[in-house]
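Here's a quick tour of one protein model, going from the overall fold to one strand and its surroundings. Have the structure open as you read.

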Amino acid sequence: MIHIKICGLQPGDDLSFTRYREITHVGFILVPASRRYVGPAEIAVMAREVDASCKKVGVYVNDAPATVIDSAKMAGLDVVQLHGNEDLQSCRQLKRAGFQVWKALSMPVAKYGAETLGAQMVEYAPFVDAVLLDAAPPKGAQTSVTGGHGVQFDWARLRAVEDLLQKQSGGVPLPPVWVAGGIRPDNVSSLLQEFTPYGIDVSSGVEVNQRKSIHQIEAMREAVKRHVDRATTG
Ligand SMILES: O=C(O)c1ccccc1NCC(=O)[C@H](O)[C@H](O)COP(=O)(O)O
């Protein structure tokens, strides 16, 4: 199964999609500069509408671990997604506090090749539960708004990640890989032709007028299902 995370929910959004088996994670943005910012107390209220099968993820950028722990406890989160330059020590501290930890890594641009990415994945592996490969933010984006721009990276680069995972299979086990950045119902199939991630993380691609659309979320789920069905029936 390809897991799906829908990210950037806000008060008033319809959370009934969290009951779908394939939508395993729902995300909230705890980055004050983001247009999708929601505070921990508001998340705790929204969380009552989240199906028990769906894990609640909080996205943080460069906050001190103690701040993340207090906020994530108040919000009732299962997973903390670190979307900045957080170090190994911070990941370890958050895991020790009982949270699953995901580390976002910016997908290689020309100066930053597969080896660097592989080295980072190996380095973070013991301290995280997953890595999330996201597109680098566009020029001009606010410094702390490191994701959620609807920007796609070159998915052909994921072939190098596939090779890394194959090569690594005898060595340090690498964490599950999620892919994010500009994924929409009408392009998800091209991504999945390049690479089969553990999961996909989607935000802008399931929005209409900057708010989550239940129809777009449904279209995403259908598009992934169609791809998987086609792949399994040949
Ligand atoms: O969504 C935000 O506003 C955001 C702000 C700061 C850091 C991360 C942010 N989003 C991270 C996500 O998990 C997004 O789902 C991911 O970057 C994909 O976004 P999109 O390209 O819009 O699908």
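## Overall picture

Among contacts in the protein between residues at least 6 apart in sequence, 62% link residues at least 24 apart; a contact here is two residues whose C-beta atoms, placed from the backbone, lie within 7 Å. This is a predicted model, where local features need pLDDT of at least 70 and side-chain atom pairs count only at pLDDT 80 or more, while totals for chains, interfaces and linings use all residues. Numbering starts from 1 along each chain as its sequence is written.

The protein has seven helices and 10 strands, taken as DSSP runs (H or I, at least four residues, for helices; E, at least two, for strands) and numbered from the N terminus. Its radius of gyration is 17 Å, close to the 17 Å of the globule rule for 234 residues, so the protein is as compact as a globular protein of that length. That radius is taken over C-alpha atoms, and the rule is 2.2 Å times the number of residues to the power 0.38. The C-alpha trace spans about 45 × 40 × 35 Å along its principal axes.

Buried means 20 or more other C-beta atoms within 10 Å of a residue's own, with C-beta atoms placed from the backbone. In a regular strand, side chains alternate between the two faces of the sheet.

β8 runs parallel to β1 (residues 3-7), with four bridges joining them, and parallel to β7 (residues 177-180), with three; strands pair if DSSP finds at least two bridges between them. Isoleucine 200 is the bridge partner of isoleucine 4 and also of valine 179. β7, helix α6 (residues 188-194) and β8 form a right-handed β-α-β unit: with the strands pointing away from the viewer, the path from the first strand over the helix to the second runs clockwise.

Proline 197 sits in the loop between α6 and β8. Proline 197 counts as buried because it has 21 C-beta neighbours inside 10 Å. Leaving aside neighbours within four places in sequence, proline 197 contacts Ile2, Val177, Trp178 and Val179.

## Around the ligand

Of the 27 residues around the ligand, Cys7, Ser34, Gly147, Gly148 and Ser204 come nearest; being near means a C-beta atom, placed from the backbone, within 6 Å. β2 (23-29) and β8 are the elements giving two or more residues to this shell.

Note on methods: A residue is buried if 20 or more other C-beta atoms lie within 10 Å of its own, exposed if 12 or fewer, and partly exposed in between; C-beta atoms are placed from the backbone.
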